[in-house]
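Work through these exercises with the structure open beside you. Try each task before you read its solution.

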Amino acid sequence: MTKSRTLRIAAAAVLTVVVAACSSTAATPAPASQAPATAAAKTYTMKDLVVGFIQTGSESGWRAANTSSFKETAQQQGITLKFTDSQNKIENQITAFNTYIQDPQVNVIVLAAVATTGYDDVLKAAKAAGKLVVIEDRRIDADSSLYYTYIGSDFDAEGQKVAKAMGDLLKAAGKTTANIIEIGGDQAASAAIDRHKGFGEGIQTYSDVKMTVLDYQNAPGWDQVQGKAIMDAFLKKYPGKIDGVFGHNDELAIAGIQSAQAAGLKPGKDIQFVGVDATADGFKSLIDGTLGADIECNPLLAPQVFDAALKGLNGDTSTVKWVPSQESQFFAAQGADALKAILATRKY
Ligand code: GYE
């Protein structure tokens, strides 16, 4: 094992924190669905949940809201939450999984996956160890018998919504044909893979404007720095040819806006911008008109995840394998006052 890998695993270990509620430290019995027939099945309450939460990292405003949702809801419900920031590295997620599998206290493992594959072995080991696994935020390509349920967004549908919004903005700008560039998130993540797929399908079926994706590049960190570097390069590579920019999250869309402004272009006039997440920063760009549309992606998933985990521990087998999040979309055309009023009601 290389020195840097040892260091990374050591570093990963440091990023595990415990949001402890006053629960017992004794090993928790296996979930009712795995308990031997003779033993009276324990009825679990929220206070019995000891959750090992494997988060992707801290790459965006959306991610910060998702993490807060888990920490705050665990505190409110008296749940013991052991939290790992994986720094967007799958090896850290596998290490954390094994740590929680070996932790006798942990009865639930929650995964926000940085990739779509590579989890089969730890999922099988968790099942064998009687740990209930819930996938949150991002889908994975694993057999659904290896986890209890998945709670997260329909990213393909979000991509389709972006295509419609982009088409409408370009049509309103008098375009009948248009060149688009796409600034993608981490190419291993289902959020990026499915948004890209949905967008590609959506622009094919949008009839009023013939949209062509000139170029597509991924920013593994989903952040503004990487996004701006990509947009700066595209503006040099395609001078005067870019009509629309799809940023896979608000950070990437806002990075595109800043790059265009630095090049003397007017976002919302010379180039149309559409983002995903609808965080507070996204709203600010809708309000100043630089961002034309923002497709919501709900980060406040913890209550649903903990409810499902409790059902699973108590042997409920009726829970469906995927519960798509309910989400909206917002437009600069709604006007600054209306958007400010909406923003004032939002938690992220
Ligand atoms: O869009 C982005 C974050 O998985 C839905 O990940 C999430 C995405 C979100 O980095 O901001």
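**Exercise 1: The ligand**

Step 1. Start with Asp277: an N or O atom of its side chain is 2.6 Å from an oxygen atom of the ligand. This model is predicted, so local features need pLDDT of at least 70 and side-chain atom pairs count only at pLDDT 80 or more, while totals for chains, interfaces and linings use all residues. Residues are numbered from 1 along each chain as its sequence is written, and side-chain values use heavy atoms, without hydrogens and water.

Step 2. Look at Arg138. A side-chain N or O atom of Arg138 is 2.7 Å from an oxygen atom of the ligand. For Asn249, a polar side-chain atom lies 3.1 Å from a ligand oxygen.

Step 3. Check the cover. The ligand has 300 Å² of accessible area on its own, and the protein covers 100% of it (Shrake-Rupley method, 1.4 Å probe).

Step 4. Sort the shell by class. There are five nonpolar, two polar and six charged residues around the ligand. Here Asp, Glu, Lys and Arg count as charged; Ala, Val, Leu, Ile, Met, Phe, Trp, Tyr, Cys and Pro count as nonpolar; the others, Gly among them, count as polar.

**Exercise 2: Gln55**

Is Gln55 buried or exposed, and which side chains does Gln55 contact?

Step 1. Gln55 is buried, because its relative accessible area is 0% (buried is under 20%, exposed over 50%, partly exposed in between; 1.4 Å probe, protein chains only).

Step 2. List the partners. The side chain of Gln55 makes a polar contact of 3.1 Å with that of Arg63, and one of 2.9 Å with that of Thr67. A polar contact is a pair of N or O atoms within 3.5 Å; within protein, one must be able to donate a hydrogen and the other to accept it, and residues adjacent in sequence count only if both atoms are side-chain atoms.

**Exercise 3: Positive phi**

What is phi near in Gln87 and in Asn88?

Step 1. Recall the rule. Most residues other than glycine have a negative phi.

Step 2. Read the angles. Phi is near 50 degrees in Gln87 and near 55 degrees in Asn88.

Step 3. Locate them. Gln87 is in the loop between β3 (80-85) and α3 (90-101). Asn88 lies in the loop between β3 and α3.

Key:
Helices (H or I, at least four residues) and strands (E, at least two) are DSSP runs, numbered from the N terminus.
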